[in-house]
Amino acid sequence: MVRAHSTLSRRDFMKAIGIATAGIGAAAAIQPKFHDLDELLSSGNIYKNPWFVTEVDEPTVEIDWQKMQRFQKGKYNNFASHLSKEEAAAIQAKTKADYQKNMTQNDVPGFTLRDNAMKLAGWGGVRWRMSQATLVKEMVEGWPLIPTPTVLGVPKWTGTPEEASIMLTQLLRYCGGSSVGFAEINETTKKMIWGQMPQAPNPDIVFEEAPKPTYDATAKKVIVPSSSRYAVVHTIRQSLDASARVGYLSDGGAGTAYDNCDITQWRLMCFLQVLGYTTIRQNIQGNGPIVGWGVMSGLGEQGRMQHLITPEWGPMIRQSTMNIVDIPIAPMKPVDFGSRKFCYTCKKCSDVCPSKALQGETEPSWEITQAYDLVKPELFNNPGLKTWYFNHHKCNRYWQESDTYCGMCQATCVFSKDALSTVHEMVKVTLAKTSLLNSFFIAADKSFGYGLRPEDKTEEWWTTPLPVNGIHYENDVFYR
Ligand code: SF4
Ligand code: SF4
């Protein structure tokens, strides 16, 4: 049910989180500017972030643009690239024997045949599209079945960058996007475009002059012309109901959300083509580091787990998908709402990670591979960020061993909450304004048992009524 009106006061909030308003040093010291929730929920433009989210000139993750280079993605596979063929085959053979046993006996929660069927239903659309041989051409040059203004015999759409941003935000929200951001592709942010398309046959991505985005199959290159210098970024919410149930159900939660990302960017491409503009889109792997584009377009902060943490739904989005467009838009600024600062204290995701892929050190670092054996420079340890580097090989190896996409870190995060709760909202407000209570909030989150569902609750997913798409749409800060 949508809560349209709230009268939660500062005193109620302090009571709810167990802090008496008088006589507690921390509470007395912080004096954050508490607003009534009504004020929080009605802060200006409905698509603007709540008032406690601050726009900043520089992202909260430190970036050394001199060090950063375009990531040469190519066919790099962070599982197989670190193993001999024999080692990889042995892991896969054992995984196969395990899953056959599980899906025959159907006695391991989260790993039954029906759970696996749900997973593969979620991923079905993505896998089908990625298998299409002509996809790169359509991704770059558009879909011939959709008309352009020339075909329609009308002039192309024109408007100011601000009008374009509002129009695209509205279109993407309608088509499934949860939040929408915009950024410029300039000499600096160009470094956040992959060196090659992630879609087979993985042509190089080059910045050259051309009348429009072009795929040159002979030269195996995709040309990004100078007119294509804007990034439209949108998030898609992912079901916490599914993602908190470890196994194939959590995997299916990710797959369904990825599929929705793909569908939404397809719709954006069609929309812009009719208006007379172009997009360069990708499969689910994006045009560049998706978290980075989410940060640069003001949709969230980069957290310890290397996901984008959004002010609205934490990391329960999949993903900050970036499309390269030539319609001039109004760029947005990065944001700070205290989540990255919170990650210094909170280590819930690194504690829960079964493969120990996430770094548990308090301080982020500029160091890249030195701390890890085996890891070659790749997406999550591409130089130029001061962050908690992530051993994606360990993570990916765990995916192979468990036959799942895991995602325990995502569902465990303190910012992953479905409930439309005034307490959760006020916690966000508080930690955006002060880090003094961060330890308290982490302890409270653990003691309330938030995060992954216990194993004996996993299969309840099949018999518990779900919201549409498994997503609590009533928890939408932009519309409630
Ligand atoms: S997906 Fe799983 S294995 Fe990978 S980092 Fe997250 S918790 Fe660890
Ligand atoms: S679980 Fe904690 S440390 Fe990990 S990303 Fe979320 S807030 Fe940050």
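Predicted model: local features only at pLDDT ≥ 70, side-chain atom pairs only at ≥ 80, totals over all residues.
**Exercise 1. Work out what share of the contacts in the protein, between residues at least 6 apart in sequence, join residues at least 24 apart.**

**Exercise 2. Find the largest cavity and say what kinds of residue line it.**

Solution. First, count: there are 5 cavities of 30 Å³ or more. Next, pick the largest cavity, which holds about 80 Å³ of space. Now list its lining: Arg304, Met305, Ile309, Phe342, Cys343, Cys346, Lys348, Cys349, Cys413, Val414 and Phe415. Two elements, α12 (339–345) and α13 (348–352), each give two or more residues to that lining. Finally, sort the residues by type: 9 are nonpolar, 2 are charged and none is polar.

**Exercise 3. Describe the shell around ligand 1.**

Solution. Click on ligand 1 and look at what surrounds it: Cys353, Pro354, Ser355, Leu358, Phe390, Cys395, Trp399, Cys406, Gly407, Met408 and Cys409. The elements giving two or more residues to this shell are α14 (392–402) and α15 (408–412). Sorting by type gives 9 nonpolar residues, 2 polar ones and no charged ones.

**Exercise 4. Track down two cis peptide bonds, the one joining alanine 200 and proline 201 and the one from arginine 318 to glutamine 319, and place each in the fold.**

Solution. Take the bond between alanine 200 and proline 201: its omega is about 10°, and it is cis. Proline 201 sits in the loop between β3 (180–184) and β4 (204–207). Then move on to arginine 318 and glutamine 319, where the cis bond has omega near 25°. Glutamine 319 is found in the loop that runs between β10 (308–309) and β11 (321–325).

**Exercise 5. Cysteine 406 and asparagine 469 have positive phi values. Decide whether each is buried or exposed.**

Solution. Again, a reminder: most residues other than glycine have a negative phi. Cysteine 406 has phi near 60° and lies in the loop between α14 and α15. The cut-off for buried is under 20% relative accessible area. Cysteine 406 comes in at 14%, so it counts as buried. Cysteine 406 also belongs to the shell around ligand 1.

Asparagine 469 has phi near 65° and lies in the segment after α17 (438–447). Exposed means over 50%. Asparagine 469 has 53% relative accessibility, so it counts as exposed.

Key. Residues numbered from 1 in each chain as written. Chains lettered and ligands numbered in written order. Heavy atoms only, no water. Contact = heavy atoms within 4.5 Å. 1 Å grid on protein atoms, 1.4 Å probe; cavity = no way out; pocket = protein on both sides within 12 Å on 5 of 7 lines; lining within 4 Å. Points joined across faces, edges and corners; volume = space filled by probe spheres on them. Helix = DSSP H or I, 4+ residues; strand = E, 2+ residues; numbered from the N terminus. Nonpolar A, V, L, I, M, F, W, Y, C, P; charged D, E, K, R; others polar. Near = heavy atom within 4 Å. Buried < 20%, exposed > 50% of the residue type's maximum accessible area, 1.4 Å probe, protein only.
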